[in-house]
Structure formats: C-alpha cells, structure tokens
Amino acid sequence: MAITDVLVPQLSESVSEATLLNWKKQPGEAVTEDEILIEVETDKVVLEVPAPASGVLSEIVKGDGSTVTSGEVLARIDSAGKAAAPVALAAAAAPAPQVAAPATASAAASSVASPAAAKILADKGVDPASVEGTGRGGRITKGDALQVNAAQAVKPAAAPVVAATLSLDGRPEQRVPMSRLRARVAERLLQSQSENAILTTFNEVNMQGVIDLRNKYKEKFEKEHGVKLGFMSFFVKAVVAALKKYPVVNASVDGKDVIYHGYFDIGIAVGSPRGLVVPILRNADQMSIADIEKQIADFGARARDGKISLEDLTGGTFSISNGGVFGSMLSTPIINPPQAAILGVHATKDRAVVENGQIVIRPMNYLALSYDHRLIDGREAVLALVAMKEALEDPQRLLLDV
C-alpha cells in the first residue's frame, strides 16, 4: 500500500490557522492528481487543496469545520488502491453483515470496527452500529471513525445557514456563524479604531479632465492593451504622485518607530462573495496606466472566483477604497493597519459649482483621506489630498510626472 498524505498548504507568517470547508470526496472514493479535495479558509483568502496523487481517498483525518495549521495532515490517499474504490463504495452502500447478536458492546465494536476505530467510537460515545464502514466487508476503519466524530463536532459551525427560528410573534430570524474572513476583518477594523488616532480630511475634485482624456482614448486604449480604461488607474497615479511629495503619508508606525517606505505598494479594496479583500499593486510607481488597469481587472476576477492568494494580500503601504462604485457619496474610510492612511473615493456626480464667479455644472467627486494623527499632522494630510486633487484635475501632469 502506497500512502500519500494530503497536507494543509503553507500559510503566510501573518496567518496562524485556518478552517476547513466542505470535503468534496469521501473515504473510499477515487481521486485524480490535482483534483480539488477541499477548500481551506484563512482570515484573508480561501485556498484550494488539490490531491497530491491519484488513487483512493483512504482516510479523512480532519473533518469539515476543523481548525488547522500549516503542514497538518488532512487526509491520506492510497495511490495503489485504484481497484479498491468501487469495492469500498459498494461495501459502504450494502447492509453491514455484523448484526448477529453481540455478547457485549465492546465485542460488537471489535467485530465491525478496527481496534483503533472501536476505541475512537467508544471515546466519543458513538454506537458502531450507526456507522457505515468503508473497509473490506463493511468494516469500520479509523478514517470512518474520525470522520463521524469530526462531523458531529463541527456540523453546526460548518452549516452555511442555521435553521430559521420563529419568535413568538411569527417573525423569522436566522443565526449563522461568522466566517473566518469576516471575523478577521471585524477584528482588524476594531484594532485600527482603537489603536490609531484617526482623522479624516475631505476635498472635492473636478473629474472633467480625467473624463475627457478617458473618452478621447478609451477605444484605442482597449484595442491596444486588451483592457478597458477605467478611473481607478488615474486615482492610483494621483496617489503615488502625492506620496512622493509627502513621504510620511506612505509611512507606518511600528511601536515607537516610524518606518518610511521607499516603495509604493498600493492596496485596492475589492469586494468578493466572502467579504472585503485588499490586494496589493506592487511598485505602483513603476506601473503604466495599462499595467494598473490589467492588474486591477485581474484582482477583480480572482476575487469573484475566490482565487486571490495570500501573497496578493500581504504588505501594502497605502490603500484606496472606492465606495463610489456602489453609489456612496461620502464616507470616512478606516485605516488598514499597519498603514497610516487610506483614500476614500466616491461617486462622481454633476454638481453646481462656482468657477470664476460663475455657476457651472461639473462632474464632482468627493475625496476623503483618513490618516493616523500620531504620525501624520494635519498639514501633511491636507497638502497630500490637495496634491491628489490637482493631479486629477490636470491628468496630463500624471503622464509627464510634474
């Protein structure tokens, strides 16, 4: 018998543990190398665990909902047991032939379960007669026993939705477990608000220059680069230009030290079915408009499919949150620690503004810069936001780096 272990993928240094979601295969079923067996949810991303070899899934060590760490054994594959898969399945489906009158409970367990399985079932108070064995002749294996216990232990937490509970007046409620990702987001946001001295400064920007430039070149841009020309790339370029002028806004606090970053890794907040994630544009100052648009499009697609990696989310010196895509008019974004500032972008709307003593209609966007006042004074924060505004109102400057 050639046994191959299925291991928890290597997690990042900032992720200490993860939660198993639903197994896609059960003991006794055939698996193919690289076939996805289960997903592992961390507080940042969901990782897929592929089969390291082809064969038969002989044992599941960690059941749905289990908490695991890097390198732990999740299951075992018998890579020499291809022919045993249909036999095991047939045995599991057939009535177990062990129901002759047992003398004692322990004797019954011994007759239908391996010694290791019998001990596990006895420790958990599980009647062996209630367990379908996948071993030869319906025998209960250690993997069967572990699987039963794991399922019993975590079934309520693993269920996506707990059954609705009706109150006395007939109004329904549902209680569902918070995902690891949502719990971690909540923890970090509370940490940010409790540990940082957060202030927010606001300004408005006339987006007409960006809109005109985009309308003029968007068709040629898409034809040339294979990606649509959006607005976020202009915001990223404007942010980088401002951070170069005011490096403290790109810095972070580490205890009593200030770390000034000589690079510009910009986090872009992206919504996903599992919650908010903030993948990082590495060295954004070295990226072209096309490079930025391609990377953001890739982040969006992978976030929707749950394919964002831990590496994509690690680090970052400054973040941008775009609530405007959902219609937000104004907000005060929360800093993503250990960063010291974050820019909130909102919906662009036509507004009546005064220019040269005349009331005119312009497409205006309200910008919000939240910053950690322990590190950044109001002067630097306001001037940095003004620099972003000026760059966006005259976008040709972004191309000329002036």
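1. K389 touches N203, E204 and V205, residues up to four places away in sequence being left out of the count; contact here means heavy atoms within 4.5 Å. K389 lies in helix α10, residues 378-393. Helices (H or I, at least four residues) and strands (E, at least two) are DSSP runs numbered from the N terminus. A polar atom of the K389 side chain lies 2.7 Å from the backbone oxygen of E204. A polar contact is a pair of N or O atoms within 3.5 Å; within protein, one must be able to donate a hydrogen and the other to accept it, and residues adjacent in sequence count only if both atoms are side-chain atoms.

2. The model is predicted: local features need pLDDT of at least 70, side-chain atom pairs count only at pLDDT 80 or more, and totals for chains, interfaces and linings use all residues. Residues are numbered from 1 along each chain as its sequence is written, and side-chain values use heavy atoms, with hydrogens and water left out.

3. Four strands form an open sheet in the order β1-β8-β6-β3, with antiparallel pairing. β1 (3-7) and β3 (30-31) stand at the edges with a single partner strand each, so one side of each has no neighbour in the sheet. Two strands are taken to pair if DSSP finds at least two bridges between them.

4. Strand β8 (residues 73-78) and strand β6 (residues 55-60) pair in the antiparallel sense over four bridges, and R76 in β8 is the bridge partner of E59. β1 and β8 are also antiparallel, with five bridges; here A75 in β8 is the bridge partner of V6.

5. Salt bridges (a side-chain nitrogen of Lys or Arg within 4 Å of a carboxyl oxygen of Asp or Glu) come to a count of 12. Side chains of opposite charge can pair when their charged atoms come close. D5, E59 and R76 are linked in a network of such bridges.

6. Since R76 lies in strand β8 and E59 in strand β6, the pair ties together parts that are 17 residues apart in sequence.

7. Burial is defined as under 20% relative accessible area, exposed as over 50%, and partly exposed as in between (1.4 Å probe, protein chains only). E59 is buried at 12%, while D5 is partly exposed at 34% and R76 is partly exposed at 27%.

8. A further salt bridge joins the side chains of R282 and D265 (3.7 Å, N to O). R282 lies in the loop between β17 (280-281) and α8 (289-304), and D265 in the loop between β13 (257-259) and β14 (266-268), so the pair ties together parts that are 17 residues apart in sequence. R282 is partly exposed, with a relative accessible area of 34%, whereas D265 is buried at 9%.

9. A118, in helix α3 (residues 115-124), is buried, with a relative accessible area of 13%. The C-alpha atoms of A118 and T141 are separated by 8.7 Å, the two residues being 23 residues apart along the chain.
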